[in-house]
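Colleague: Thanks for making time for this. Could you take me through the model and the cut-offs behind its labels?

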Amino acid sequence: MEYKEFHQNFLDINLDFVGNEATNPNFSFGPAIRENYVIHYITSGSGLFMINGFDHQLKAGDCFILPADVETFYQSDDLNPWAYYWLGLSGRVVNDLFARTALNDKGWILENVSKSEFIEHFSRIQNLVEVDDKTVDLAIQVELFALMKSLITLFPKSIAEHRNQSDYYAEKAYTFINQNYSHGIKIKDVLSHVMISRAYLFTIFKHKYGLSPQKYLIDLRMAKAAMLLIHSDNLISQISESVGFSDSLSFSSAFKKRYGVSPTKFKTQKHDNLMLKTLNNMNMNRLKK
């Protein structure tokens, strides 16, 4: 067996490791859950791949992918054990890119792809790891994106499915913000929860709700704070903490920027009209799609 790890510092997509092996009869791995995506390309022999309760018999020329955070199992044939190459991927856009394919519906297998553009890029990556050059990391980046582009081209998700998925992620982010705004969350926490890139979340969230996730989080906190200022006897510091601010100064600054008056003055004058305007704008944005 040959195995090589990489420690790249790119945020979007990284090559974590590559390897190859001619397995022994009945060699198996799992059931296991990986933190990254691992693509196996079978060069000879046959074996079994199990995912989501389904069994897939695969042979030379086929691929199987171990998706991140999903339990999988695979086993080499007892008479004709397989040999394969593999590579591991991670990065903040990798989930997004795989989500644009129909691979989940196809059991994460690619049959008869030995002559495909996908395997061309897969092989180039395997070759590049042996190159001693100052720019080889950039060359690998180019091939990784080309690899994912070829996957999306080979197994595209339908437009309807893609739209449904976009709504799913936007709604998941929306729900998370509403349930956790009081805990001091930041947009990076929303991204970790929905597991998509910042740019993609911004696009789908604004399309569905009419404003960015960051703007919605701020508006929500300000609206909740305004309501508490008007209808409760809580101290400014208590209200600040209850809507997710770590200190009263930051809260007061954000509140004045939003409403044009300090929280204390707002509470004294009871600006119900300003609060209602915020709430109405947020509701209109939420219902626009």
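Colleague: To begin, how many helices and strands does the protein have?

Modeller: The protein has eleven helices and ten strands, where helices (H or I, at least four residues) and strands (E, at least two) are DSSP runs, numbered from the N terminus. This is a predicted model, with residues numbered from 1 along each chain as its sequence is written. Local features need pLDDT of at least 70, side-chain atom pairs count only at pLDDT 80 or more, totals for chains, interfaces and linings use all residues, and side-chain values use heavy atoms, with hydrogens and water left out.

Colleague: Why is Ser150 called buried?

Modeller: Buried means under 20% relative accessible area, exposed over 50%, and partly exposed in between (1.4 Å probe, protein chains only). Ser150 has 4% relative accessibility, so Ser150 counts as buried. Of the 289 residues of the protein, 47% count as buried.

Colleague: Where does Ser150 lie, and what is Ser150 in contact with, leaving aside its neighbours within four places in sequence?

Modeller: Ser150 lies in helix α3, residues 136–154. Apart from those neighbours, Ser150 is in contact (heavy atoms within 4.5 Å) with Glu117, Phe118 and His121.

Colleague: On to the sheet of four strands: what is its order?

Modeller: The order is β3-β8-β5-β6, an open sheet with antiparallel pairing. Two strands pair if DSSP finds at least two bridges between them.

Colleague: What makes β3 and β6 stand at the edges?

Modeller: β3 (28–33) and β6 (54–59) each have a single partner strand, so one side of each is left without a neighbour in the sheet.

Colleague: How do you know that β5 and β8 pair?

Modeller: DSSP needs at least two bridges, and β5 (residues 46–51) and β8 (residues 71–76) have five, in the antiparallel sense. As one example, Leu48 has Gln75 in β8 as its bridge partner.

Colleague: And helix α9: how far does it reach from its first C-alpha to its last, against what is expected?

Modeller: Helix α9 (residues 248–259) has twelve residues and reaches 16 Å, close to the 16 Å expected at 1.5 Å a residue. The expected span is 1.5 Å times one less than the number of residues.

Colleague: Which residues of α9 are buried, and what puts them on the same side?

Modeller: The buried residues of α9 are Phe251, Phe255 and Tyr259. They cover an arc of only 40° around the axis, which puts them on the same side of α9; the arc is that of the directions from the helix axis to the C-beta atoms. An α-helix has 3.6 residues a turn, so residues three or four places apart point the same way. On the other side of α9, Leu249, Ser253 and Lys257 are exposed.
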